[in-house]
Amino acid sequence: GVALVTVFGASWKIDNAAPANDGTAVSMNEVRNIIQQRCVSCHSDTPTQDGIDAAPKGVMFDKMDEIKKYAPRILEQAVEHDTMPLGNITGMTADERAALGRGLKAVTGSK
């Protein structure tokens, strides 16, 4: 849910987001958008990437529940080690990786 918090005259929007070191936050909707753009061409029930007939290792990100389930693996593979997307075939940027990391850390409770 979305809540508006006012403290000492300043307002902040809280939207299931993780604050970053620079103060920016990444919502789960933004996380999903990055994953839809950069990961789902392979990691889907219906992959669209040439040469991919089924989601690698059966890992799919079509639903938010799947993204949350695999959040620690996504963090490891796409953020910490840059091994996914394989060969960076979908062109994930460093900024997208950083945003993905901030958003997924909120889900996993890691820092």
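The model is predicted. Its protein chain has a mean pLDDT of 84, and 79% of the residues reach 70 or more. Residues 1–21 are a stretch where pLDDT stays under 50.

**Confidence**

**Helix H3**
- Helix H3 spans residues 71–80, and its buried residues are Ala71, Ile74, Leu75 and Ala78.
- These residues sit on the same side of H3, because they cover an arc of only 110° around the axis.
- In an α-helix there are 3.6 residues a turn, so residues three or four places apart point the same way.
- The packing partners of the buried H3 residues are helix H1 (28–38), H2 and H4.
- Just after H3 comes Asp82, which has a positive phi of about 55°.

**Glu66 in helix H2**
- Glu66 belongs to helix H2, which runs over residues 64–69.
- Glu66 is buried but forms no salt bridge.
- Lys63 is the nearest side chain of opposite charge to Glu66, at 4.9 Å; a salt bridge needs the charged atoms within 4 Å.
- Apart from neighbours within four places in sequence, Glu66 is in contact with Met60 and Phe61.

**Ala98 in helix H4**
- Ala98 is part of helix H4, residues 94–108.
- With a relative accessible area of 34%, Ala98 is partly exposed, because that value falls between the cut-offs of 20% for buried and 50% for exposed.
- Leu75 is 23 residues from Ala98 along the chain, and their C-alpha atoms are 9.9 Å apart.

How values were computed
Residues numbered from 1 in each chain as written. Predicted model: local features only at pLDDT ≥ 70, side-chain atom pairs only at ≥ 80, totals over all residues. Heavy atoms only, no water. pLDDT = per-residue confidence, 0-100. Contact = heavy atoms within 4.5 Å. Helix = DSSP H or I, 4+ residues; strand = E, 2+ residues; numbered from the N terminus. Buried < 20%, exposed > 50% of the residue type's maximum accessible area, 1.4 Å probe, protein only. Lys, Arg positive; Asp, Glu negative; His and termini not counted. Arc of directions from axis to C-beta.
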